[in-house]
Amino acid sequence: MAKIKTTRIFRTDSKTRKTLIDFNIDIKVNSQGKFYATLPDDIRNQLKAINMMPSDFDSSGTCYTDSLASLEVRIQEVIRPLVEFKEIENTIMIKYLIGSACCYVKTYDGQYFPHGVRNDPNLQFIERNGQAVFFGGTEERNGSRFGDYNLSIIVLLRRKITNQYADGTTKTYYTYVDSNDLEENGKWLRELIGMGTGSTNWRVKEDNMPEIAYNEQIALFFRQFVTGLFKINDFVCHMNNADELKEAISKSALNPFNEQ
């Protein structure tokens with residue numbers, strides 16, 4: 001297809017002179033006489049991230065028009081959300097999901113039992129309608145719903161940005177957080193390897209995860225939670241056979257459940 005011209009799209013902030021956008025785009029014409037241009041991948045991804053890629057651009061970021069002038073106008077229009085907006089929120093968030101699968105009853109003084117059938121007058125189970133209450137995890141287990149008992153956690157650091165655009169609409173999107181923007185506990189969480197959505201039974205999307213504004217106290221809570229999981233794993237890794245299990249149980253330092 002014949003290239004008509006290459007156009008530079010360049011905008012700066014009128015106050016700070018900061019470059020807002022700067023890229024070259026080739027304008028071509030096909031054998032049917034249609035003029036077209038394809039947005040660079042980074043520009044297309046930015047528009048997709050804020051859900052502002054217009055319908056007349058296809059999945060590759062290409063737009064076709066009947067005239068050169070209309071195509072050039074359309075290119076200028078499509079980039080407006082990237083250069084004409086007011087940022088109204090820019091906050092580091094901790095997106096998280098903590099899940100479990102289990103089933104148990106417990107007493108008012110904090111003892112745990114697999115069920116509430118106990119002929120002990122000293123046990124006072126938490127009850128409802130005269131029956132011991134079965135507690136469970138975020139994933140249910142009971143006498144008719146069997147499965148593994150488990151504990152899962154996802155903790156992700158994301159920067160939440162909300163912009164208001166010229167037409168009055170607002171859009172929120174998330175970007176990755178630079179390590180330099182975090183303190184000690186935040187850096188620790190950011191450096192967790194192999195954590196992300198899709199590795200759990202929920203197959204949850206980040207958009208559906210609860211979130212809380214980042215500070216070091218909250219980051220410390222999640223760090224301690226994950227560290228607790230590491231300690232449990234140290235114990236579990238010694239349970240490959242009966243001999244290793246016996247040795248691990250005999251060493252209280254390796255047993256995260258030892259209350260002494």
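In helix α2 (residues 68-78), the buried residues are Leu71, Arg74, Ile75 and Val78. Around the axis they span an arc of only 100°, which puts them on the same side of α2; the arc is that of the directions from the helix axis to the C-beta atoms. Buried means under 20% relative accessible area, exposed over 50% and partly exposed in between (1.4 Å probe, protein chains only). Helices (H or I, at least four residues) and strands (E, at least two) are DSSP runs, numbered from the N terminus.

The model is predicted: local features need pLDDT of at least 70, side-chain atom pairs count only at pLDDT 80 or more, and totals for chains, interfaces and linings use all residues. Residues are numbered from 1 along each chain as its sequence is written, and side-chain values use heavy atoms, with hydrogens and water left out.

Of the 16 residues of strand β11 (residues 150-165), 14 are buried, so β11 is largely enclosed by the rest of the structure. Strands β5 (residues 85-106) and β11 run antiparallel and are joined by 16 bridges; two strands pair if DSSP finds at least two bridges between them. Seven bridges join β11 to β12 (residues 170-176), also antiparallel. In the hairpin of β11 and β12, glycine 168 has a positive phi near 95°.

Asparagine 30 lies in the loop between β2 and β3 and counts as buried at 13% relative accessibility. Its side chain makes these polar contacts (N or O atoms within 3.5 Å; within protein, one must be able to donate a hydrogen and the other to accept it, and residues adjacent in sequence count only if both atoms are side-chain atoms).

| Backbone nitrogen | Distance to the side chain of asparagine 30 |
|---|---|
| Glutamine 32 | 3.0 Å |
| Lysine 34 | 2.9 Å |
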